[in-house]
Amino acid sequence: MDTRKVMGLALIVPPVIAIVGWFFMGFVVFGGVGPDKPGEYIAELRANSEVVKYVMPLITILFLMAIWGINYIKNSMEGGPGHLLAGFGFFLVVLGSAAQLGEVAFTIATAEGPGSMAGAMHTSSQAMGTVATAITMVGAALIGIGILQQKNFNPLIGGLLTVAGIYCTVMALTAYDSPLMGIGFIAIVVSFVCLGVSLLRNEE
């Protein structure tokens, strides 16, 4: 299996499993309770601390695998008109993703730490997640614009990635705890899958 095929699969399989796991946590494990209802959400986190401790880091690792695939696409654009923009966008994605590890850590601390600290840990998690997601999604939008400039993929894919990145950035800064964030995350995953499928088709 060559590098292009591996990267294509990295953009398809891990993010799909991750988004399914994310929705499973929200709708099945937490019964539809989200961070827009802080008190109930903290209670659900603490009631399901064992699931949170293992599943949330796994979901994070799966999304990082997809970012590995994005790095391959960015490198393949070297020398083209969209490379600089995509390169800066990828830098922001990496920076934001690193910060999101802190969000996951604070979420686990909310679930497993002393009850008296749960509210503070949750607030820290949301604050870090807001900034980290906004930075990551600005990067995703810039990568999408770079793809549109370079025309190395179907413009609909670059357009979707750009719009999804802008949408998620705005939502993160205005209503990070809103269930509507899910729409943007789904669009980002669809963008990744389309990029992965394009890589596999080109390999053939």
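This report covers the nonpolar cores and aromatic pairs of a predicted model.

## Basis

Local features need pLDDT of at least 70 and side-chain atom pairs count only at pLDDT 80 or more, while totals for chains, interfaces and linings use all residues. Residues are numbered from 1 along each chain as its sequence is written, and side-chain values use heavy atoms, without hydrogens or water.

## Nonpolar cores

A nonpolar core is a set of buried Ala, Val, Leu, Ile, Met, Phe, Trp, Tyr and Cys residues joined through side-chain atoms within 4.5 Å. Buried means under 20% relative accessible area, exposed over 50%, and partly exposed in between (1.4 Å probe, protein chains only).

The largest core has 32 residues, and Leu161, Ile188 and Leu195 have the most contacts inside it. Helices H1 (3–29), H3 (49–76), H4 (83–112), H5 (118–150), H6 (155–175) and H7 (181–203) each supply at least two of its residues; helices here are DSSP runs (H or I, at least four residues), numbered from the N terminus. H7 gives the most, with 8 residues. A second, separate core of 14 residues includes Met25, Val29, Leu45 and Val104.

## Aromatic pairs

Rings of Phe, Tyr and Trp (its six-membered ring) pair if their centres lie within 6.5 Å; planes under 30 degrees apart count as stacked, over 60 as edge-to-face and the rest as tilted. The count comes to 5 aromatic pairs. Trp22 and Phe185 are edge-to-face, because their ring planes stand at 85°, with centres 5.2 Å apart. This pair links Trp22 in H1 to Phe185 in H7, 163 residues apart. Trp22 is partly exposed at 33% relative accessibility, whereas Phe185 is buried at 16%.
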